[in-house]
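Here's a quick tour of a protein model. Have a look at the sequence and the 3D view, then read on.

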Amino acid sequence: MVATMNERAAAGEEITSEYLGEVVSLIGRSPKFLEVLAKAKTYAQSDEVIMINGEIGSGKSEMAKAIHFLSRRRKFPFVYFDCGLLSDTMAEDELFGHRKGAFTGAFDGRMGLLESANRGTFFIDEIGNLPIHLQVKLLRVIQDMAVRRLGENREIKID
């Protein structure tokens with residue numbers, strides 16, 4: 001007999017994804033934890049943007065992975081981006097990509113992380129560390145479901 005996710009969590013067992021061999025480490029027994037897991041399963045069936053709040057180290061990225069691997073997007077990329085790791089210009093290039101010749105040293109065009117996550121899940125961590133002008137640009141991507149590489153005039157539709 002296969003135990004359900006809630007039964008496994010109640011027993012204090014590590015919850016793992018059965019998809020793509022990925023492991024998602026979520027451990028807990030409390031009623032609140034089981035409630036969050038149930039919500040994650042519900043959210044995984046949605047195409048809406050999901051915001052996960054929590055203290056540093058509380059498992060936001062693991063919860064995002066769990067939602068991803070429970071969703072129809074599980075066969076597509078899960079892309080993680082930490083807003084505190086790069087300078088403003090590097091963050092913009094990482095997120096949006098660029099066309100060949102867009103700036104000095106852009107010898108080749110490059111797809112950004114948002115575009116590479118197309119049809120999958122893009123998890124952005126510590127968004128408050130992202131400069132406000134990039135937060136506005138990111139909001140536009142979320143609203144329009146399209147990204148524009150640096151130096152390009154056309155938008156690329158993404159899901």
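**The pocket and the rest**

β4 gives the largest share of the lining of the largest pocket, with five residues. The model is a predicted one: local features need pLDDT of at least 70, side-chain atom pairs count only at pLDDT 80 or more, and totals for chains, interfaces and linings use all residues. Residues are numbered from 1 along each chain as its sequence is written, and side-chain values use heavy atoms, with hydrogens and water left out.

**Overall layout**

- You'll find six helices and six strands in the protein; helices (H or I, at least four residues) and strands (E, at least two) are DSSP runs, numbered from the N terminus.
- Starting at the N terminus, the order of elements is α-α-α-β-α-β-β-α-β-α-β-β.
- The protein has 159 residues, and 35% of them count as buried (buried is under 20% relative accessible area, exposed is over 50%, and partly exposed is in between, with a 1.4 Å probe and protein chains only).
- Take the contacts (heavy atoms within 4.5 Å) with a separation of 6 or more: 56% of them join residues 24 or more positions apart.

**The largest pocket**

- The largest pocket holds about 1000 Å³ of space.
- A pocket here is an open set of points on a 1 Å grid over the protein atoms alone, where a 1.4 Å probe fits, with protein on both sides within 12 Å along at least five of seven lines; lining residues have an atom within 4 Å of a point.
- Its volume is the space filled by probe spheres set on the points, which are joined across faces, edges and corners.
- The lining of the largest pocket has 34 residues, and Val49, Ile50, Phe122, Phe123 and Ile124 lie nearest the centre.
- α3 (60-70), β4 (121-125) and α6 (132-144) each supply at least two residues of that lining.
- Sorted by class, the lining has 19 nonpolar, eight polar and seven charged residues (Ala, Val, Leu, Ile, Met, Phe, Trp, Tyr, Cys and Pro count as nonpolar, Asp, Glu, Lys and Arg as charged, and the others, Gly among them, as polar).

**The nonpolar cores**

- In the largest nonpolar core, which has 16 residues, Phe81, Leu95, Phe96, Leu114, Leu130, Val141 and Val147 touch the most other members (a nonpolar core is a set of buried Ala, Val, Leu, Ile, Met, Phe, Trp, Tyr and Cys residues joined through side-chain atoms within 4.5 Å).
- β1 (78-82), α4 (88-96), α5 (113-116) and α6 are the elements that give two or more residues to this core.
- Apart from this core lies another one, of nine residues, including Leu26, Leu34, Ala44 and Met63.
- Leaving out residues up to four places away in sequence, Phe81 touches Leu86, Ala91, Glu94, Leu95, Leu113, Phe122, Phe123, Ile124 and Asp125.

**Helix α4 and what follows**

- Which residues of α4 are buried? They are Ala91, Glu92, Asp93, Leu95 and Phe96.
- Just after α4 comes Gly97, with a positive phi of about 75 degrees.
- His98 sits in strand β2 (residues 97-98) and is buried, at 6% relative accessible area.
- The side chain of His98 makes a polar contact with the side chain of Asp93 (2.6 Å); a polar contact is a pair of N or O atoms within 3.5 Å, where, within protein, one must be able to donate a hydrogen and the other to accept it, and residues adjacent in sequence count only if both atoms are side-chain atoms.
- A polar atom of the His98 side chain also lies 2.9 Å from the backbone oxygen of Asp108.

- Ala117 and Val79 are 38 residues apart along the chain, but their C-alpha atoms are separated by 5.8 Å.
- Glu126 is in the loop between β4 and α6, and has a positive phi of about 55 degrees although it isn't a glycine.
- Met145, in the loop between α6 and β5 (146-147), is another non-glycine residue with a positive phi, near 55 degrees.
- Glu126 counts as partly exposed at 31% relative accessibility, and Met145 is partly exposed too, at 33% relative accessible area.
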